[in-house]
Structure formats: structure tokens, C-alpha cells
Amino acid sequence: MLTAVLAGLLGAGQAVAREVAIGVFAWQGERAAIADWSPVIRDLNAALPEHRFRLDHYDAAGLRRAIAEHRVDLVITNPGYYVTMEAEFGLSRIATLASPDMHSPARAIGSVVLAQGGRSELTDLAALAGKRVAAVAPDAFGGWLTVAGELKRKGLDPDSDLGQVRFMGLPMNNIVDAVRRGEVDAGIVRTCVLEQLLREQYLRPGELRVVGARQEAGFPCATSTPLYPDWPIAVTPQTDPALAKAVARALLAMPDGEGLVSWAVPADYRPVHELYQELGVGPYQDLHRLTPEALARRFWPWLLGVVALLIAAAVHTVRVEYQVHRRTAELRESLRARQLAEARMREHQEQMEHLSRLSVLGELSGSLAHEINQPLTTIGTYARSLLRRQGSRTLTPEALVEACTEIANEAERAGGIVQRIRHFARKRAAVREPVDLAAVAAEARRLVVGMLAQAPQIEIRDRAGAGCAVLADGQQIQQVLLNLIKNAIDAGRHLPAERQAIEVDIESVESRVLVHVVDRGAGLDEAQRARLFEPFFTTKPDGLGLGLPICKTIIEAHGGRLWAEPNPGGAGMRFTFTLPCHELPA
């Protein structure tokens, strides 16, 4: 709306001027920027009346933001910032400032290092090693980087060989004042600042001296570094090419002369690129390669910390390895001791089982002697009969055959009794193999019947299914059955014959086999049943109290359980043990 009003005021045939923003780096402040660059704005507005040029002044960070936000069309800045923003934002220079006092726009800017007039020992830049130096900023072209490049060429690392670098910002008078007060040994300012301060009588002649002064032909100011191209004016990528061409034409047409600002064709800024590449700053900061020596000098505190951490980690690792080896050795020793203890326990258990079997045999030894004595007496009777008949000449072949047959039968009977006793009493290692519990029970019955003169009736009922296989040590299970049957015999020893009968009932329930040994004896009271499986507890006058505890240990070692309860079918007790079923491989 404002544009329409202005157009109406100017007349229907007069066009509204297009505004063009020129951003300038105000390194000496707002007033100096306006004083230095207002003639350029005036001349451009006169040369290109269809445009209205406006001057916007910024510090370094503000100028970068203005370019990034497209708030300026043209940029005037020092050669260092131009090289950086050329790579970052795609600026294109269209002219280079041609100062009237400079011999060439390609050699117009450098840096001068100032020290107090009495510091005669600071003759060249190499003397700055270990000294306190003031500068503008880490990215300041004339206020730091040109001197940093020259120090590097002289073999000094500007980051580590100087005693201290204080970046004091703009204006550069701050650096000059710090040198005058002795707060620093030397200060870095742009070339011609010293001469300007002398003209303004801000400094007295001889108050400050130049460190590392160089002779540059045609250059009117003192310098400590080589010279670089003057300030460029550049267009941003969004600037209209026609406008850029018109501005370049107008700038190059501006007249030369004292007090006038003139421009020349764009200078070669390769020296600035080479300086930045050498220092690894600006567009070359990611390409800069530090040598191991430079890395060590720059990052030695961090490297020392890393080395300390590595040493600590190595010590910790060695300590942990030692602890692991020690604990492993202790664990192995503990495991070996445990295995030895288990082996001794198994050996003791086997000895106790063997002693239990011998104890059973000892309890049956009286009956055993009587049982073996019968076939031996029969053998002796037949032998003496043969001798008498032979002496009386009455021995016939038929009588001889009959007597020899009886002698052989009785001998086999006695040998079978002895063989079963030897097999039962033999000491051997435990095994696990498929066993037929009914056959094991029958063998235990034969052993008892063979050793007792008047053995009670022992009935075996096998109701276990064919699908349940038991893996066990047959001899140990036979020992358990023999012990339980012997106890059942003792429980009914002085009772009527009908109450001396014993039942061995085998059945399968789910995944287990149950074996019941049932007697019809006097039974046990609740207090006796509670202590029945304690070692050395016995209800027999001549018992050791080890049979049932050993039986319980054997059954539990097979994954089963042994318990006692009153006979649910009447008087007496029922002892039951379980064994797990196993699937046999096909």
C-alpha cells in the first residue's frame, strides 16, 4: 500500500526504485563504516537511479547471519571473511577496492605487531616465543591469521609456542591499550592502524615499536607480514545477474583521486586461500592435517590422560586376570575336594551297604547252617550206606545209581545255597541297567527260603504295566527287598502261621513303580514310625539300626522314596518304595 501511495505521489509515469541492501563488515565500528562507505552508496544511487542502495553494517557474526537469511544482496568484507563465506554461501566477487594510497589492490592488507618502545629484545616474530600476545579473534584476518601464518613459516606453532594469546575483539584500540599498559608483550593490529593512531595523536612517536618490520615496495604503512589483496565487493547467489553486472560497471567507472573510493577488477585471492590452507582454517579446517608432533604438543594433557587411563586399565586388567586365575584355582581345588569327598562318601556308602548285607547274612547264619547241614547229612548217609553194602557184598548196580543220584542232587542243592549267598555278599560298584522287579523279588524270596529252615509263605504279585521300564542296580534293590522281607519275617516270628505270610505287591502309578512289602505282624506305634529311618534306631534286641537308613539312602539315590505305614488291610505294617520309569532307546 505504501508503494502504491509513493507511486501516486511521484506520478503515473515514474517507476518505484528497487531497494538493494549492501552488507558491510564494520571492523572499526558503526561511525567509521558509515564514513568510509557512504560515498560508495551515494555514487551507486547516482549511477543506477532505478535502484535504491542501502548500507547495512554488521560485525562478523551478524554479517554471516544476514547472508544466510538472504537479507543482503551485496557484501563488502575483508579478504579472509570473503574466502570463508565464498565457500560457505557461494559469494562471487565483482570488484576489489583500490585505495588511493596503495600501489596495487593485490598488495594492500597485512598485519603489524606492536610492542612497547623500550622492548628492544623483540626484534623479529621469532622473539615472540613464550610471550603474551594480544589479537582480535581466532578468525580475524588482519588481527591474527596473517601473523599466525608468518609464525608458522618461521617454525613456531601459534597455538602452543606462544606464552599466551588473548583475543580482545574490536575495536583494535583495545589491543594497543593493552600493549601500552604492559598487560601483554605484543599486540597484533591491521596495517596502517599504527599510522592512523599517530595522525590522530592517540599515540606518541616512539611509544610503540614494530616487531619484525618488513620492507614492502610502494606500501605506505609499516607491516610485519606479507601483503594480501584488498577488500572485495561480492554478490550473493540470489542477486539478479543483471543487477550484479550493472553494479560492477558502475564501480569500475568510479573516478580515482585523493579522498575518493575507487574500485578495480577482482584481484587474485589465491594467497588468502593458501594462507587458510596452511593454517587449516576457514574452508580448509577439515582438510588440515596435523603431524603427530603437533598433535602431541596441542593435546598433550589429553594424551597424558588417555595414557594414564590405559595404564590404569592395563593394571586393572592384570589384577582382574590374577583374581580370575586365583579364584579359578581355588574353585578347581574346591571342586577336587568335593569330588574326593563324594568319592569317599560313595565308598563309605558301598561299605555300609556291604556291611548291611553281611549283617543280614549274620542274622540268618543259624538257619543257614541248619539248611546246609541237611544236604550234607544226606550226602554222608548215602555214602556210609554205600560203604556198608559194599562191605557186605550186597551192593547192586541199581542201588549204586540211586545213591549217587541222591548224593549229586543234595550237593547241587548245597552249592546253589552257597552260590546265592556269595553273589549277595559280593562287594562291587553300583550300576544302572534295566531290571525286572518281579524277578529281583523272586530271587530275594529264593535266597530267604534257601537260608531258612521254616520260611513263611511269600507271595509276589506283579501288576506293573509293560510300558514302564526301571533303570536300577539290581543287587541294591534286591538288598532293599531282602531287608524289608527279613524285617517282615521277624515281625511275625512268634505269631500263628496265618499271620506270618508276607506279600510283595508291584504296581505302576503314572510315571513311577510302587513296591509294597506287607506283613501281618504286631506293627509299630506312631513314635516308633517317626524314628524308623534314623540311624542306629532299632526295635530288635540284637539289631544295629542301620538296615532301614541304608535302604532309604539306596532308594533316594535311585530317584525314589521309601516310607512305612500301618497295613491298610489289617494288622501289621506296609513298607513302600517308589522308583521312576524310564524310556528305553528303541
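This is a predicted model: local features need pLDDT of at least 70, side-chain atom pairs count only at pLDDT 80 or more; totals for chains, interfaces and linings use all residues.
Biologist: Is Cys468 buried or exposed?

Modeller: Cys468 is buried, with a relative accessible area of 18%.

Biologist: How many disulfides does a search of the whole structure find?

Modeller: The search finds two disulfides, and with bonded cysteines counted along the chain they follow the pattern 1-2, 3-4. Besides the link of Cys468 and Cys581, there is a disulfide between Cys192 and Cys221, whose sulfur atoms are 2.0 Å apart.

Biologist: What is the handedness of the disulfide of Cys192 and Cys221?

Modeller: The torsion about the S-S bond of Cys192 and Cys221 is about 105°, so that disulfide is right-handed. Cys192 belongs to the loop between β8 and α7 and Cys221 to the loop between β9 and β10 (232–235), which means that the pair ties together parts that are 29 residues apart in sequence. Both Cys192 and Cys221 are buried.

Biologist: Where do Cys404 and Cys551 stand, buried or partly exposed?

Modeller: Cys404 is partly exposed, at a relative accessible area of 37%, while Cys551 is buried, at 1%.

Biologist: Switching to helices, at what angle do α5 and α9 cross?

Modeller: The axes of α5 (residues 141–153) and α9 (residues 270–279) come within 10 Å and cross at roughly 65°. That makes α5 roughly perpendicular to α9, and the crossing is left-handed.

Biologist: Which residues meet there?

Modeller: From α5, Phe141, Leu145, Thr146, Ala148, Gly149, Lys152 and Arg153 take part, and they meet Val272, Leu275, Tyr276, Glu278 and Leu279 of α9. By class, that contact of α5 with α9 has seven nonpolar, two polar and three charged residues.

Biologist: What about α2 and α8, at what angle do they cross?

Modeller: The axes of α2 (residues 30–47) and α8 (residues 241–252) also come within 10 Å, and they cross at roughly 115°, in a crossing that is right-handed. Val40, Leu44 and Ala47 in α2 meet Val247, Ala250 and Leu251 in α8, and the residues of this contact divide into six nonpolar, no polar and no charged.

Biologist: Last topic, α6: which of its residues are buried?

Modeller: In α6 (residues 173–180), the buried residues are Ile175, Val176, Asp177, Ala178 and Val179.

Biologist: And what do the buried residues of α6 pack against?

Modeller: The buried residues of α6 pack against the strands β5 (111–116), β6 (132–135), β8 (186–190) and β9 (208–211), and against the helix α7 (193–199).

Biologist: Which residue with a positive phi follows α6?

Modeller: That is Gly182, with a phi near 80°.

Terms used
Residues are numbered from 1 along each chain as its sequence is written. Side-chain values use heavy atoms; hydrogens and water are left out. Axes are lines fitted to C-alpha atoms, for helices over the stretch in contact, and angles run from 0 to 180 degrees between N-to-C directions. Helices (H or I, at least four residues) and strands (E, at least two) are DSSP runs, numbered from the N terminus. Angles under 35 degrees count as roughly parallel, over 145 as roughly antiparallel, 65 to 115 as roughly perpendicular and the rest as oblique. A crossing is left-handed if the near helix is turned anticlockwise from the far one by less than a right angle, and right-handed if clockwise. Contact means heavy atoms within 4.5 Å. Ala, Val, Leu, Ile, Met, Phe, Trp, Tyr, Cys and Pro count as nonpolar, Asp, Glu, Lys and Arg as charged, and the others, Gly among them, as polar. Buried means under 20% relative accessible area, exposed over 50%, partly exposed in between (1.4 Å probe, protein chains only). A disulfide is a pair of cysteine sulfur atoms within 2.5 Å.
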